[in-house]
Amino acid sequence: VEAVGERGEVFVPQAARRVSGSGGSIMAGFWDVHVRLEPAFLEVAADPATTADEIEGWFAENFTGLGFTGVVETGTPLDRLQPLLDRIQAEGIRGPALVATGGASLAGVRVAGEDPEAWAEGVAAELLLSESTLVPVLSLLLPPPDAPDAAIDAALDRVAQAQGRLAAFVAAGGSVAFGSGFGWGTNFDPIVELELMEDAGLTFADLLGALTLEP
């Protein structure tokens with residue numbers, strides 16, 4: 001966005017493309033800060049026989065078409081990402097802004113102790129003290145659909161416990177950013193993660209902030 005103002009106050013170039021926003025809304029693009037691009041996609045994208053339109057179509061299906069204009073890639077070494085990055089740069093391929101950690105963790109928290117509940121409380125306290133942002137990725141705790149009933153029940157208990165910790169963290173003033181875990185687990189639908197966060201008690205404003213402001 002280059003300028004915002006009343007009609008007549010902002011210069012609009014003669015050649016600018018005009019789009020009517022009547023009856024609509026403008027909002028910030030979403031960010032997904034915990035993504036691993038599939039190795040199969042990276043291999044296809046590096047193949048010169050794959051067209052730019054095909055790559056753009058994949059991005060639209062998984063990210064931009066869902067409102068995600070920014071992605072943090074957290075699981076792939078940079079040398080494996082470079083062919084895709086080169087094509088995006090050289091061919092002007094449209095997709096989300098792509099930030100890559102090269103597979104390195106963005107941050108680490110070390111807390112002593114083996115008791116899971118005490119460990120979780122210690123992590124939350126350390127995050128609050130350091131004013132760090134939590135990326136919960138609750139959907140990674142979900143069981144595969146073909147898991148035995150006992151495993152499903154145990155996994156859902158872990159999800160409920162994590163939701164309680166997330167709610168307490170937010171209530172204590174903690175900052176949360178959205179991460180879907182795309183490519184890390186079996187869930188590829190960001191709505192699932194949003195629903196889990198909402199079920200934990202996060203408000204609409206909390207969710208919108210996690211998608212936009214915090215990232």
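Guide: Let us begin with a term: contact means that heavy atoms lie within 4.5 Å. Please also keep in mind that this is a predicted model.

Visitor: How many helices and strands does the protein chain have?
Guide: Read along the sequence, the protein chain follows the pattern β-α-α-β-α-β-α-β-α-β-α-α. The count for the protein chain is seven helices and five strands.

Visitor: In what order do the strands of the open sheet lie?
Guide: The pairs can be taken in turn. Strand β1 pairs with β2 in the parallel sense over four bridges, and β2 (residues 68-73) pairs with β3 (residues 97-100), also in the parallel sense and over four bridges. The open sheet of three strands therefore has parallel pairing and the order β1-β2-β3.

Visitor: Which are the edge strands, each of which pairs on one side only?
Guide: In the order β1-β2-β3, the outer positions belong to the edge strands, β1 (30-35) and β3.

Visitor: What is the average twist from one strand to the next?
Guide: The value concerns the open sheet of three strands. From one strand to the next, the twist averages 20°.

Visitor: Which residue of β2 is the bridge partner of W31?
Guide: Strand β1 covers 30-35, and its pairing with β2 is parallel. In β2, the residue that partners W31 is G70.

Visitor: Which residue in β3 stands opposite V72?
Guide: The pairing of β2 with β3 is parallel. V71 stands opposite L98 in β3. For V72, the residue opposite is V99.

Visitor: What is the handedness of the β-α-β unit made by β2, α3 and β3?
Guide: The unit consists of β2, helix α3 (residues 78-91) and β3. With the strands pointing away from the viewer, a clockwise path from the first strand over the helix to the second is called right-handed. The β-α-β unit of β2, α3 and β3 is right-handed.

Visitor: Why is β1 described as largely enclosed by the rest of the structure?
Guide: A residue is buried if its relative accessible area is under 20%. Strand β1 is largely enclosed because, of its six residues, the number buried is five.

Visitor: Against which helices do the buried residues of α2 pack?
Guide: The buried residues of helix α2 (residues 52-62) are I55, E56, W58, F59 and N62. They cover an arc of only 155° around the axis, which means that they lie on the same side of α2. The face turned away from that buried side carries the exposed residues D53 and E61. The buried residues of α2 pack against α1 (39-46) and α3.

Visitor: Against which elements do the buried residues of α6 pack?
Guide: In helix α6 (residues 190-199), the buried residues are P190, E193, L194, L196 and M197. Their arc around the axis is only 160°, so they share the same side of α6. They pack against β2, α5 (149-171), β5 (175-176) and α7 (204-211).

Visitor: Which residue just after α6 takes a positive phi?
Guide: At the start of α6, a side-chain oxygen of D189 reaches to within 3.0 Å of the backbone nitrogen of I191. Just after α6, a positive phi of about 110° is taken by G201.

Visitor: Is A15 buried or exposed?
Guide: A15 lies in the segment before β1. A residue counts as exposed when its relative accessible area is over 50%. The value for A15 is 78%, so A15 is exposed.

Methods:
Residues are numbered from 1 along each chain as its sequence is written. This is a predicted model: local features need pLDDT of at least 70, side-chain atom pairs count only at pLDDT 80 or more; totals for chains, interfaces and linings use all residues. Side-chain values use heavy atoms; hydrogens and water are left out. Two strands pair if DSSP finds at least two bridges between them. Helices (H or I, at least four residues) and strands (E, at least two) are DSSP runs, numbered from the N terminus. Axes are lines fitted to C-alpha atoms, for helices over the stretch in contact, and angles run from 0 to 180 degrees between N-to-C directions. Buried means under 20% relative accessible area, exposed over 50%, partly exposed in between (1.4 Å probe, protein chains only). The arc is that of the directions from the helix axis to the C-beta atoms. A polar contact is a pair of N or O atoms within 3.5 Å; within protein, one must be able to donate a hydrogen and the other to accept it, and residues adjacent in sequence count only if both atoms are side-chain atoms.
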